[in-house]
Amino acid sequence: MSKYSSQEMVLNMGPHHPSTHGVLRFILQTDGEMMVKATPDVGFLHRGIEKIAERLPWQSFLPYTDRIDYVASVNCNLGYALAVERLAGIAVPEKAEYLRVIAAELSRIGSHFIGFGALLLDLGAVTPFVHALRERETFNDLMEMLCGARLTHNYIRIGGVSQDLPGGFREKCLAFVDHLEREFIGEFNTLISRNTILINRLANVGVISAETAEEYTLTGPNLRGSGVRFDLRKDEPYSVYDRFDFEVPVGTGRYGTLGDSYDRYFVRIDEVVQSCRIIRQALGQMRVGGEIRTKVPKPFTVPAGEIYVRTESPRGELGFYLISDGGRNPFRVKVRTGSFSAMTIIELISQGVMVADLVAIIGSFDIVAPEVDR
Amino acid sequence: MDRAELITLLSSRLGSALLSTEEMKNDDSMLVVDRKQLVSAVGTLKNDPALGFSTLMNHLGVDYQDRLAVIYNLYSPLHRNKITIKVYLDRDKPEVPSLERAFHGISWYERETYDLLGIRFTGHSNLKRLLLPEDWEGHPLRKDYVYPASYHGIETGRPDLLDDTAAPGGADV
């Protein structure tokens, strides 16, 4: 028997912890620096969005979808609008589909900047986060040109989008995409992605096998980080995604094991490049002028029925299950988000890791707390 | 495989567990499954190689006023099929077996449904409230839910500033 007691200690992390991305709380059971288990405690940002939806007309709920995931609000707009349109049988003009894709992919780029930038910040690398935010600033400017808002964009409408491209947008957007592809990504990888300290912090940490990832309903970059090539834009194309040539990056276990935190980190960087390709093709294929919105009847009602529509948001599968009773308001709206399913696996993979690695694991999932709590 | 073929296949495999089928928009099919046979039906859907519904996309609970329901959206990556499973529950005693054994990731979804709709999942490993505080009363997504006037002595309502009928100066904010 050792003369020192080896009791487990219970520590509290959050809800106001810089690395908990919003307001999350973890109850850590630790044995020295090793963690026995981390139990997430969520709900601090629960606003009852699903209940709010039942009290609002179909269209009035759109601005609320911005707040489901405010880092990538266009993608949430798109998911909801698509679900309502398919349930109501509304066709969207081709031009609007392209505008949606451009806005959604810009939003994905902006979101991934926060995703991997914040991960690096959590690990103590402040400079790359500033670099990522500098680029996100251009995304913010572009969205401001497009719809006037910089964070909660509310750009998409049921039946189309709110505005056509303003003058000068095309050039600025192409310059941004060029800059990312030719300069930024290479510079960023040289600065940090191939940095030994970063590799040591992320490689072989929080390894998730493909089977486990599927069992725990992981989606999006978190699933692809485990080597599963599944992307709804490719495998179940919605909008006009089937018209673009792009690849689906997956984890390769480059510096460690397949499905570790580094894979999840690097998949996001690769996705930025693919989004750039999509934006360039969309700008090239889109016609100048033309309808941007289908007129929907007033008052707007949706025929009774149920539907589940899923789209690829930057944080994985964003699904809307809508139930209509034929009235002006939704009868039930259920939002299925990528962060919610990512949270459920933390309890499993936090077992037996160092306390400092938990920060890397949470960051590698790119969790946004309002998406968990809704 | 088109929808009609899938339905025929499903009804032959599921037998008496399948109560009825409905068409849905978005190339989806809805299966209404018997509550008592849910676990075995999901086991067949997941493990039968001809079906291969191994992925849970989504789970939710619904209050249809006359009765409650739980809905599961399953996906088969192998055959690229989607199905929606619905189980109707009694309003007085809403209980349904937990599907934790079949899908590990459903644990939090079931906790959320329990939290917001008061549907109990028998055999769940940790059926506690997820989003709301543990001492919260009632289940907000029920259609007959009444929002409490106060929580721990904190009033939840606010005076309506646009209400002209209120006495002037009466509403201190």
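Let's begin with a term: a residue is buried if 20 or more other C-beta atoms lie within 10 Å of its own, exposed if 12 or fewer, and partly exposed in between. The structure discussed here is a predicted model.

Q: Is His79(B) buried, exposed or partly exposed?
A: His79(B) sits in the loop between strand S4 (68-76) and strand S5 (81-89) of chain B. Around His79(B) there are 14 other C-beta atoms within 10 Å. A residue needs 20 or more to be buried and 12 or fewer to be exposed, so the class of His79(B) is partly exposed.

Q: How many Å apart in space are His79(B) and Ala4(B), C-alpha to C-alpha?
A: Along the sequence, His79(B) and Ala4(B) are 75 residues apart. In space, C-alpha to C-alpha, the separation of His79(B) and Ala4(B) is 15 Å.

Q: In which order do the five strands of the open sheet in chain B lie?
A: The pairing in this sheet is mixed. Its edge strands, each pairing on one side only, are strand S1 (18-24) and strand S3 (55-63) of chain B. Neighbouring strands are turned by 20 degrees against each other on average, direction ignored. The order is S1-S2-S5-S4-S3 (chain B).

Q: Which residue of S2(B) is the bridge partner of Glu22(B)?
A: S1(B) pairs with strand S2 (residues 28-33) of chain B in the antiparallel sense, over six bridges. In S2(B), the partner of Glu22(B) is Met30(B).

Q: At about what angle to S3(B) does helix H3 (residues 107-117) of chain B run?
A: This helix of chain B lies across S3 and S4 of chain B. Its direction makes an angle with S3(B) of about 10 degrees.

Q: What is the radius of gyration of chain A?
A: Chain A has 14 helices and eight strands. For its 374 residues the globule rule gives 21 Å, and the value for chain A is close to that, so chain A is as compact as a globular protein of that length. The radius of gyration is 21 Å.

Q: What percentage of the residues in chain A is buried?
A: The C-alpha trace of chain A spans about 80 × 50 × 35 Å along its principal axes. Of the contacts in chain A with a separation of 6 or more, 71% are between residues 24 or more positions apart. Among the 374 residues of chain A, the buried share is 52%.

Q: How many residues of strand S1 (residues 9-13) of chain A are buried?
A: S1(A) pairs with strand S2 (residues 25-31) of chain A in the antiparallel sense over five bridges, and Met9(A) stands opposite Thr30(A) in S2(A). Even so, S1(A) is hardly covered. Among its five residues, the count of buried ones is zero.

Q: Are H4(A) and H13(A) roughly parallel or roughly antiparallel?
A: The axes of helix H4 (residues 94-122) and helix H13 (residues 355-365) of chain A come within 8 Å and cross at roughly 170 degrees. Angles over 145 degrees count as roughly antiparallel, so the arrangement of H4(A) and H13(A) is roughly antiparallel.

Q: Which element gives the most residues to the side of chain A that touches chain B?
A: Here 30 residues of chain A are in contact with 24 residues of chain B. Elements that give two or more residues to this side of chain A include helix H3 (73-88), strand S7 (316-324) and helix H12 (338-349) of chain A. The residues of this side divide into 10 nonpolar, eight polar and 12 charged. With six residues, the element that gives the most is S6(A).

Methods. Residues numbered from 1 in each chain as written. Chains lettered and ligands numbered in written order. Predicted model: local features only at pLDDT ≥ 70, side-chain atom pairs only at ≥ 80, totals over all residues. Contact = placed C-beta atoms within 7 Å. Helix = DSSP H or I, 4+ residues; strand = E, 2+ residues; numbered from the N terminus. Nonpolar A, V, L, I, M, F, W, Y, C, P; charged D, E, K, R; others polar. Pairing = 2+ DSSP bridges. Rg over C-alpha atoms; globule rule 2.2 N^0.38 Å. Axes fitted to C-alpha atoms, helices over the stretch in contact; angles between N-to-C directions. Parallel < 35°, antiparallel > 145°, perpendicular 65-115°, else oblique.
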